[in-house]
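I set out to record what I looked up in this model, entry by entry.

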Amino acid sequence: MIDLHNHLLPGIDDGARKLEETLECLRIARRDGVRTIVATPHMKPGVYDNPREIILERVALVREAQKGNEAEGVAVLPGAEVYFAADLPQRARAGTLMTVGDLGKYLLLELPYQQIPMRVEDMLFQLRLLGITPLLAHPERVAYYLADIERLAASVRLGALTQVTASSITGKFGDKARAFALSMLERNLLHVIATDSHDASYRPPVLTEAVRAAALVVGETAARRMVEETPRAILDGKEVEAGDAPSPPRGGLLSRLRAAFGRGGRPRR
Ligand SMILES: [Fe+2]
């Protein structure tokens, strides 16, 4: 499996603090069956500046530390979770944004959680004109989309892809995020499942449980595609086919998932 959203680089955002924690995350991911992780520290000017060069430097540091121990066997690639800002197209043109795998093709885009961002659709369109496909980070936790799933459908029609957080599907971010993630699955609006892991214990880098939950809605093949073929295509810089809308199973889905995974808590962000 491939994890496209992960805060494992040490000491540069609210993710792993020390290299030892990074290595522990890599060991956990490996045991879960993850073989590639894109390190996506926050890139948010004034909060987490994290210029491209620093991210590349930290990735090199982690790769070096992996050698010859249990954390080996998981490829770590550069990336960033880039916060929405009006100047993104300018920064993209200047080559200062960090894209998924540093390939210049896909941008993991973080929208404000609560306020309604100005001109989201316009931004998505501008990025597409620059040849960059926005990959929307966890829309199931973004108020703008939660208010109306049709807004998300509109963003996808504009060419954006979506990434849902694994623990949203299993209920750890509460019933609202889970219900929205399930609606996304039913509407064929979910393209990638990733961990958005921040540490080894509270938000660990595991995908299996979420894939199992997603499979109850869209079937095993489609669920695996969200952690295998689709992220692979993204890392190969290829276009992702959205595919046909899957038909959801009849009734009782939420109760089946609750029975399987328990009720969701309301953890910190
Ligand atoms: Fe994140």
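Which residue in strand 8 is the bridge partner of Leu 136? I found Thr 162 in that place.

**Entry 1: basis.** I note that this is a predicted model, in which local features need pLDDT of at least 70 and side-chain atom pairs count only at pLDDT 80 or more, while totals for chains, interfaces and linings use all residues. Residues are numbered from 1 along each chain as its sequence is written. Helices (H or I, at least four residues) and strands (E, at least two) are DSSP runs, numbered from the N terminus.

Entry 2: I looked up the strand order and found an open sheet of 6 strands, 3-5-6-7-8-9, with parallel pairing; two strands pair if DSSP finds at least two bridges between them. Strand 3 (42–43) and strand 9 (192–194) stand at the edges with a single partner strand each, so one side of each has no neighbour in the sheet.

**Entry 3: strand 6 and its partners.** Strand 6 (residues 106–110) pairs in the parallel sense with strand 5 (residues 81–83) over 3 bridges, and Glu 81 stands opposite Leu 108. With strand 7 (residues 133–137), strand 6 pairs in the parallel sense over 4 bridges; here Tyr 106 has Thr 133 as its bridge partner. I also checked burial: 4 of the 5 residues of strand 6 are buried (20 or more other C-beta atoms within 10 Å of the residue's own, with C-beta atoms placed from the backbone). Strand 7 in turn runs parallel to strand 8 (residues 161–165), joined to it by 3 bridges.

**Entry 4: crossovers.** Strand 5, helix 3 (residues 88–94) and strand 6 make a right-handed β-α-β unit. From strand 6 the chain crosses through helix 4 (residues 120–129) to strand 7, again in a right-handed β-α-β crossover. Right-handed here denotes a clockwise path from the first strand over the helix to the second, with the strands pointing away from the viewer.

**Entry 5: helix 8.** Just after helix 8, Asn 188 takes a positive phi of about 60°.

Technical notes:
Buried ≥ 20, exposed ≤ 12 C-beta atoms within 10 Å, placed from the backbone.
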